[in-house]
Amino acid sequence: MVAQTLAFSIFCFFLISALSGQQQGVEGLGKGEVKFFVFGDSYADTGNNRIALASSWKFPYGITFPGKPAGRFSDGRVSTDFIAGYLRMKTPIPYRWRKQLAGRVKYGLNFAYGGTGVFDTQAPYPNMTTQIDFLQQLIKDSVYTKSDLETSLAFVSASGNDYANYIAMNGSTAGFPTFISNVVSQLTVNLRRIHSLGVRKIAVGSLPPLGCLPANTATSSFQQCEQTQNALVNLHNQLLLQAVTNLNNQTHSTSFFILDIHDAFWTVFNQTQAAGGPKFENPLQPCCVGVSAAFSCGSVDENGVKKYTLCSNPKSMFFWDSLHPTQEGWRALYSTPAFQNSLKQLWQN
Ligand SMILES: *[C@@H]1O[C@H](CO)[C@@H](O)[C@H](O)[C@H]1NC(C)=O
Ligand SMILES: *[C@@H]1O[C@H](CO)[C@@H](O)[C@H](O)[C@H]1NC(C)=O
Ligand SMILES: *[C@@H]1O[C@H](CO)[C@@H](O)[C@H](O)[C@H]1NC(C)=O
Ligand SMILES: *[C@@H]1O[C@H](CO)[C@@H](O)[C@H](O)[C@H]1NC(C)=O
């Protein structure tokens with residue numbers, strides 16, 4: 001009984017954490033007519049990862065919002081929350097809470113899992129194909145109807161885990177161009193499938209400049225982007241643009257568009273050189289830095305000693321950890337013309 005009560009209080013704690021993940025917004029669209037579905041990886045995940053496994057559930061993740069670790073790979077809000085805010089909707093709850101928070105399912109769901117790609121990666125989580133299977137199953141189960149889907153929007157985040165996994169497995173970027181075209185082909189299959197389920201508008205994120213992530217700039221003390229990877233990113237984004245153009249053509253629609261995260265990143269990076277004064281002193285410098293390994297933000301050793309250092313003010317930093325922007329970083333990206341102009345397409349027919 002005690003164990004049960006304890007389990008229940010722990011459950012409630014996480015439930016409240018998940019709930020408090022909502023964006024404060026006008027409930028204009030939030031009546032449940034428009035649903036927002038999200039697929040992809042940690043740039044979009046708001047808590048699908050398993051609590052015991054993911055760094056996103058460890059301190060200092062979530063310290064800015066909601067004030068404690070709650071499954072986001074940041075100190076606070078991430079892309080999904082900002083896009084939902086733009087739509088004046090509550091942020092879609094993670095798929096894993098669909099039964100416990102059934103009342104929120106009408107706003108849509110977030111199927112994104114940190115660490116995943118369009119292909120399988122080392123992360124023990126559903127790839128994008130399986131994430132779309134989850135939505136398809138919910139339609140079969142009549143959780144969503146066909147007309148629900150026809151007024152719904154989707155955001156697809158494929159931010160580079162396929163490529164990180166390729167480098168980790170194969171040891172180099174040799175053979176990358178072929179792999180890039182395989183990734184974009186599979187992504188295209190996924191986008192077409194989301195459309196065939198009935199989703200009216202589908203925003204797919206362009207690939208951020210991976211060569212500028214702290215994981216890749218640590219060797220230059222966060223001073224210089226790695227050019228080889230950035231060139232490969234440009235190839236991915238060119239192929240993605242072609243794919244999106246073809247999809248619109250083939251479906252005689254304007255359903256598909258690119259959310260230009262790549263351009264947004266560069267706008268923020270370039271701002272620092274502008275005369276108006278830098279928003280982030282060095283946008284390449286992360287707030288949470290692993291002491292001996294890049295990915296140890298949130299880790300402690302057997303004596304509880306932190307394996308990372310934390311900046312004093314996450315609001316002054318663009319990057320949070322070795323891969324992810326801070327909430328303030330996402331806010332800066334969201335505020336760029338590239339991001340805002342992309343989002344306008346959500347309302348165009
Ligand atoms: C996605 O995961 C499923 C289930 O593990 C697997 O059968 C499928 O081949 C994977 N799809 C891709 C494109 O890697
Ligand atoms: C390793 O490289 C081969 C050939 O380029 C490619 O087919 C394979 O998918 C790569 N492995 C991973 C895990 O990406
Ligand atoms: C669209 O598809 C048609 C054939 O279905 C083709 O003739 C046309 O060139 C395509 N347009 C673009 C912009 O790709
Ligand atoms: C950022 O600066 C680079 C180099 O000056 C330039 O090539 C690029 O177009 C700029 N990008 C944006 C989005 O401002």
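This is a predicted model: local features need pLDDT of at least 70, side-chain atom pairs count only at pLDDT 80 or more; totals for chains, interfaces and linings use all residues.
Residues are numbered from 1 along each chain as written, and chains are lettered from A and ligands numbered from 1 in written order. Local features need pLDDT of at least 70 and side-chain atom pairs pLDDT 80 or more, while totals for chains, interfaces and linings use all residues; side-chain values use heavy atoms, without hydrogens and water.

Colleague: How many salt bridges are there?

Modeller: A salt bridge is a side-chain nitrogen of Lys or Arg within 4 Å of a carboxyl oxygen of Asp or Glu. One of them joins Lys146 to Glu150, with the closest N and O atoms 3.1 Å apart. By this rule the count is five.

Colleague: Is Asp81, which meets Arg72 in a salt bridge, buried or exposed?

Modeller: The N to O distance between the side chains of Asp81 and Arg72 is 2.8 Å. Buried means under 20% relative accessible area, exposed over 50%, and partly exposed in between (1.4 Å probe, protein chains only). Arg72 has 4% and is buried. Asp81 has 0%, so Asp81 is buried.

Colleague: Which helix holds Arg193, the salt-bridge partner of Asp133?

Modeller: The closest N and O atoms of Asp133 and Arg193 are 2.6 Å apart. The pair links distant parts of the chain, 60 residues apart, with Asp133 in helix α3. Helices (H or I, at least four residues) and strands (E, at least two) are DSSP runs numbered from the N terminus. Arg193 lies in helix α6.

Colleague: Where is Asn127 placed?

Modeller: Asn127 is buried, at 14% relative accessible area. Contact means heavy atoms within 4.5 Å; leaving out residues up to four places away in sequence, Asn127 touches Thr116, Gly117, Val118, Phe119 and Asp120. The side chain of Asn127 also reaches the backbone nitrogen of Thr129 at 3.1 Å. Its place is the loop between β3 (109-110) and α3 (128-140).

Colleague: What share of the area of ligand 4 does the protein bury?

Modeller: Ligand 4 is surrounded by Asp263, Trp266, Thr267 and Asn270 (a residue is near if one of its heavy atoms lies within 4 Å). An oxygen atom of ligand 4 is 2.3 Å from an N or O atom in the side chain of Asn270. Taken alone, ligand 4 exposes 360 Å² (Shrake-Rupley method, 1.4 Å probe). Of that area, the protein buries 35%.

Definitions and conventions:
A polar contact is a pair of N or O atoms within 3.5 Å; within protein, one must be able to donate a hydrogen and the other to accept it, and residues adjacent in sequence count only if both atoms are side-chain atoms.
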